[in-house]
Amino acid sequence: MTERIVVVAAALHDGDRLLAARRSAPPALAGRWELPGGKVEDGESPQEALSRELREELGVEAEVLERVPGEWPLKPPYVLQAWTARLLPDSPDPKPLQDHDELRWLTPERIGEVDWLDQDVEAIGALRAFTGAGDRPAGPHEPAPARRRVPPSS
């Protein structure tokens with residue numbers, strides 16, 4: 001039996017906006033957009049891996065919230081799982097530090113304007129079904145996240 005390797009992706013929200021990251025590597029994926037994240041390493045939970053990956057790739061501190069229902073096959077033996085997340089109040093703004101050359105905050109009506117990787121299209125579809133519109137509303141004991149100013153990438 002083949003070992004299954006989980007790749008986690010963050011549906012990182014700022015109000016109603018979703019963060020998209022454009023791949024710069026590897027060459028086969030360069031120029032396409034994804035939800036940021038990466039592989040779960042030995043001894044890590046998916047949530048721990050996603051927090052670590054967001055620190056490494058974007059330089060942010062984020063709270064991983066809920067798993068989006070579903071799992072999407074990547075190149076064997078990899079599978080993709082998506083989680084909702086939000087930036088912590090004292091987190092710096094995201095920057096494309098590793099594997100990405102541009103970041104964009106997309107409103108629900110603009111999500112389809114970038115060339116998403118195929119599995120991310122499926123994950124975003126599941127996210128929209130899960131949340132009702134592509135964003136994660138605040139719970140009854142949770143304030144809505146503040147909108148953060150993120151300068152456009154050059």
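Which residue is the bridge partner of Asp14 in β2? Here are my notes; the answer comes in point 3.

1. First, the ground rules. This is a predicted model, where local features need pLDDT of at least 70, side-chain atom pairs count only at pLDDT 80 or more, and totals for chains, interfaces and linings use all residues. Residues are numbered from 1 along each chain as its sequence is written, and side-chain values use heavy atoms, leaving out hydrogens and water.

2. Start with β1 (5-14). Strands here are DSSP runs of E with at least two residues, helices are runs of H or I with at least four, and both are numbered from the N terminus. In β1, 10 of the 10 residues are buried, so the strand is largely enclosed by the rest of the structure. Buried means under 20% relative accessible area, with a 1.4 Å probe and protein chains only; exposed is over 50%, and partly exposed is in between. In a regular strand, side chains alternate between the two faces of the sheet. Both faces of β1 are covered: Ile5, Val7, Ala9, Ala11 and His13 are buried on one side, and Val6, Val8, Ala10, Leu12 and Asp14 on the other.

3. Now for the neighbours of β1. Strands pair if DSSP finds at least two bridges between them. β1 pairs with β2 (residues 17-23) in the antiparallel sense over two bridges, and Asp14 has Arg17 as its bridge partner there. The hairpin of these two strands has two residues between them, and Gly15 takes a positive phi near 65° in it. β1 also runs antiparallel to β4, with three bridges joining them; Val7 has Lys39 as its partner in β4.

4. β1 and β7 pair in the parallel sense over nine bridges. Two places to look are Val7, whose bridge partner in β7 is Leu80, and Ala10, which stands opposite Trp83. Nine of the 10 residues of β7 are buried, so this strand too is largely enclosed by the rest of the structure.

5. β7 has other partners. Strand β5 (residues 62-67) runs antiparallel to β7, joined by four bridges, and Ala62 stands opposite Leu87. Strand β6 (residues 72-73) is also antiparallel to β7, with two bridges, and Pro73 faces Val79 across the pair. A hairpin through four residues joins β6 to β7.

6. Have a look at Gln81, which sits in strand β7. Gln81 is buried, with a relative accessible area of 6%. Its side chain makes a polar contact of 2.9 Å with that of Glu71. (A polar contact is a pair of N or O atoms within 3.5 Å; within protein, one must be able to donate a hydrogen and the other to accept it, and residues adjacent in sequence count only if both atoms are side-chain atoms.) Leaving out residues up to four places away in sequence, Gln81 also touches others, including Val7, Pro46 and Trp72, where contact means heavy atoms within 4.5 Å.

7. Last, the largest pocket, with about 540 Å³ of space. A pocket is an open set of points on a 1 Å grid over the protein atoms alone, where a 1.4 Å probe fits and protein lies on both sides within 12 Å along at least five of seven lines; lining residues have an atom within 4 Å of a point. The volume is the space filled by probe spheres set on the points, which are joined across faces, edges and corners. Of the 23 lining residues, Val7, Arg23, Leu29, Glu34 and Leu74 lie nearest the centre. β1, β4, α1 (46-58), β7 and α2 (118-131) each supply at least two lining residues.
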